[in-house]
Amino acid sequence: MNAIRASLVAQRARHLGPRMLSSSSSTAPRRPDRTRASPQGNIGPSALSAHQVFAPLAKNRPVFKISKPITVIREPQQFYRDLLHGIKHARRRICLSSLYIGSDETQLISALDRALEQNPALQLCVLLDCLRGTRTDATGMSSAALLSPLVARFGAERVQVAMYHTPALSGLSKQAWPQRYNEAFGLQHIKAYVFDDDVIVSGANLSRDYFTNRQDRYMRIPDRQFTDYFAGLIATISQFSFRVLADDRASRYRLQMAPSVADPTREPRAFIREANERMAEFLQRAELEHAVEAGAVSEHDTLAIPTVQMRQLGITQDEAHMAEFFDLVNTFARSHGCRSLMASAYFNFSDQYKRSVLDSASRWDLLVASPQANGFYTAKGISQFIPDMYSIIEHEFVRAASARARGDISIEEYARAGWTFHGKGVWCYLNQKLPQLTMIGSPNYGYRSIYRDLEAQVTVILGSAQLQTDIHQEALGLLSHSKIVSQDELQQRARGSPLWLHGLKPFIMKKM
């Protein structure tokens, strides 16, 4: 293990110089010492396992022991190959949950078509967002139109395409807001891809850039019960979503809500009540069926704890989970020291998460997209200024950290020529050698992740040294394309931004 550690630190130092994972370097910037052992001297970082430290996260939540090896996928091209492999070899079920499917993803649709044709017992369910999934491109194509021929060919019993619609956009508001802009009210944002008894948990959507040069995170977990959970989650949300049905008219599809469920665009309050009841029932059942006794867990067990956030529907499981995580890290760091890395596609962390980082005794690195790696960098109209807005928010945060003398908090920006960054998650290094915990999923940890969108992520407590190394190398790979951004640089960017952009900051922070 020491040899692995030495190799990884050397690799990090070669690529990046003295940063998060190389504090022993004599050239590292001086930071407050938060890594000393307990004053009592009899409890060090190695005396407590991650399973003990994070045991409260497993209470009142479903917990899955993962016995088979978890695969950490590093590149978008491999993610796409794994998707096609999963489709080709699935025999019972394929469940795809994404924000949307790119309207030009004909190869992916052809793979689904072949799989359904060759395996008569195969069931396909797809869950997308209704607003994004029905948004048309220049040719008039949309995710819904792309999928409707599968429904027409194989029937609605074998192919179920569901489109979740937020209840926050209804009545006259729905008519007033045009496509794209209406998506600010709330989206189905969960990304999980089920193939029989395997599931790929990710933050990536199903479109060409996510398969080529848009960096995200991806983890394949081969466990039937855990996969059943995500298949059940997708099925439950689909129950209160519009169904895509084939239509002979030019539109090629029509949307229909189940007769037993209120239409969110007409009866939003009734819809919220019914959706909440269905989700609460699903989560309670999952918690009861997959509870793990504390004494039944060893430090060599890898545990997966899925959480969901649907505040518009009254579900705040992940919000509570994250608050507890920050508290546990802070408590541990005060006595033993701790390092944590948190990534998001955008520097738009919610106020509570920013406060938690600033108040924490842990060291924190925040990894986000550089302006050039931001998906909005080449956008037109007002959207082209969104990267500038994130720089303004970054600058304000760095000033707040500086005011607290938090030199152990840094912002790193992903900058890779020709690539954009969409990665998100957490890596927690309790003993500062290899990570003991990671979080992966759809949340960007911003305002809308908490208050507007449907989100799901998985907390993985890492019991295997090999998995710890794999997760560590994943972090190193992302950081190898990043650089620490200074307060002076951010100040220059903020000063170069249009003055009116500062006035729009509160609105954009809650919509993006």
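Analyst: Helix α9 covers residues 224-239; its 16 residues reach 22 Å from the first C-alpha to the last, close to the 22 Å expected at 1.5 Å a residue. That expected span is 1.5 Å times one less than the number of residues in the helix. Helices (H or I, at least four residues) and strands (E, at least two) are DSSP runs, numbered from the N terminus.

This is a predicted model, in which local features need pLDDT of at least 70 and side-chain atom pairs count only at pLDDT 80 or more, while totals for chains, interfaces and linings use all residues. Residues are numbered from 1 along each chain as its sequence is written, and side-chain values use heavy atoms, with hydrogens and water left out.

Within α9, the buried residues (under 20% relative accessible area, with exposed over 50% and partly exposed in between, for a 1.4 Å probe and protein chains only) are Phe226, Thr227, Tyr229, Phe230, Ala231, Leu233, Ile234, Thr236, Ile237 and Ser238. An α-helix has 3.6 residues a turn, so residues three or four places apart point the same way.

Several of these side chains belong to a core. A nonpolar core is a set of buried Ala, Val, Leu, Ile, Met, Phe, Trp, Tyr and Cys residues joined through side-chain atoms within 4.5 Å. The largest one has 105 residues, and the members touching the most others are Phe79, Phe226, Phe230, Leu233, Ile237 and Met279. Apart from it lies another core of 50 residues, including Ala345, Ala401, Ile450 and Ile461. Phe79 has contacts (heavy atoms within 4.5 Å) with Ile73, Tyr193, Ile200, Ala204, Asn205, Leu206, Tyr210, Phe211 and Tyr218, leaving aside residues up to four places away in sequence.

Helix α13 (residues 386-403) has 18 residues and reaches 26 Å from first C-alpha to last, close to the 26 Å expected. Just after α13, Ala405 takes a positive phi of about 55°.

Another buried site is Thr438, in strand β18 (residues 437-441); its relative accessible area is 0%. The Thr438 side chain makes a polar contact with the side chain of Arg217 at 3.0 Å. Such a contact is a pair of N or O atoms within 3.5 Å; within protein, one must be able to donate a hydrogen and the other to accept it, and residues adjacent in sequence count only if both atoms are side-chain atoms. In the loop between β18 and α14 (447-451) is Tyr445, which has a positive phi of about 65° although it is not a glycine. Tyr445 counts as buried because its relative accessibility is 2%.

For the chain as a whole, there are 17 helices and 20 strands, and 58% of the 512 residues count as buried. Among contacts between residues at least 6 apart in sequence, 80% join residues at least 24 apart. The mean pLDDT (the predictor's confidence in each residue, from 0 to 100) is 89, and 88% of the residues reach 70 or more. Over residues 1-46, the pLDDT is below 50; this stretch has 86 contacts in the model beyond near neighbours in sequence.
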